[in-house]
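Here is a short report for a reader meeting this protein for the first time.

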Amino acid sequence: MWAKDDTAIIVWDNPIECRLLVYSATQGLLAQHIPYENALGFRTVNFSPNGQFLAAGSYDQKVRIYNHISWKEITEFEHKKLLSDDEDIHIYTEEEYKQGGPYSYDEEVTSRYKMVQLPVQLTTSKKSGTKESNPITGNGVSLTSWSHDGKYLATKNDNTPN
């Protein structure tokens with residue numbers, strides 16, 4: 001994948017090795033990141049809209065953010081099973097909301113979001129232990145998506161259903 005400013009090429013080897021390489025056409029290898037060894041590697045890599053940050057989701061249920069100047073890791077986010085109230089986390093649940101009478105023709109069904117009180121125990125699954133699953137596609141962070149302004153990052157961990 002090319003960097004947004006076309007100054008570097010980002011390569012992640014394969015799902016078997018956790019290795020992220022950054023190459024320059026003129027300077028060769030600029031950076032190499034190997035967060036862990038002897039386990040499945042990166043699943044998804046995605047630049048922020050302005051190209052300043054690179055999000056890399058991996059099979060260890062973590063997302064690592066790299067900056068585009070030094071290509072160093074800025075931070076790491078982990079998908080935890082237990083979210084406690086001492087963390088700055090907000091969780092919302094979507095629920096059906098009906099307006100109007102139950103027998104009226106003008107009843108309108110919409111949805112609204114309600115903040116969940118912490119602590120919360122998230123339901124997780126270990127899909128790789130089942131016969132019908134594929135350990136390559138059933139675990140870890142499979143999706144990273146930046147907001148249009150690059151301020152927020154949404155992620156999907158396949159070990160946490162829904």
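How many helices and how many strands are there in the protein? There are 0 helices and 13 strands. Helices (H or I, at least four residues) and strands (E, at least two) are DSSP runs, numbered from the N terminus. Read along the sequence, the pattern is β-β-β-β-β-β-β-β-β-β-β-β-β.

This is a predicted model, where local features need pLDDT of at least 70 and side-chain atom pairs count only at pLDDT 80 or more, while totals for chains, interfaces and linings use all residues. Residues are numbered from 1 along each chain as its sequence is written, and side-chain values use heavy atoms, with hydrogens and water left out.

**Overall figures**

The protein has 162 residues, and 29% of them count as buried. Buried means under 20% relative accessible area, exposed means over 50%, and partly exposed lies in between (1.4 Å probe, protein chains only). The accessible surface comes to about 10700 Å². Carbon and sulfur atoms hold 49% of that surface. These areas come from the Shrake-Rupley method with a 1.4 Å probe; for residues, only the protein chains shown count as cover. Among contacts with a separation of 6 or more, 41% join residues 24 or more positions apart. A contact means heavy atoms within 4.5 Å.

Two strands pair if DSSP finds at least two bridges between them. S4 and strand S5 (residues 53-58) run antiparallel and are joined by 5 bridges. Val45 has Ala56 in S5 as its bridge partner.

**Salt bridges**

Side chains of opposite charge can pair when their charged atoms come close. The structure holds 7 salt bridges. Each is a side-chain nitrogen of Lys or Arg within 4 Å of a carboxyl oxygen of Asp or Glu. The table lists some of them.

| Pair | N to O distance |
|---|---|
| Arg43 and Asp158 | 2.7 Å |
| Asp60 and Arg64 | 2.7 Å |
| Glu76 and Arg64 | 3.2 Å |

Take Arg43 and Asp158, which form a salt bridge. This pair links distant parts of the chain, 115 residues apart. Arg43 is in strand S4 (residues 42-47), and Asp158 is in the segment after strand S13 (153-157). Arg43 is partly exposed at 22% relative accessible area, whereas Asp158 is buried at 10%.

Asp60 is partly exposed at 23%, and Glu76 is partly exposed at 35%. Glu76 meets Arg64 in a salt bridge. Glu76 lies in strand S7 (residues 73-78) and Arg64 in strand S6 (residues 62-67), so the pair ties together parts that are 12 residues apart in sequence.

**A nonpolar patch**

Tyr92, Tyr113 and Met115 form a nonpolar patch on the surface. Together they have about 360 Å² of accessible area. Patches are made of residues with over 30% relative accessible area and no salt bridge; like charges are joined within 9 Å, nonpolar side chains (Val, Leu, Ile, Met, Phe, Trp, Tyr) within 5 Å. Tyr92 is found in strand S9 (residues 92-99). Tyr92 is partly exposed, at 49% relative accessible area.
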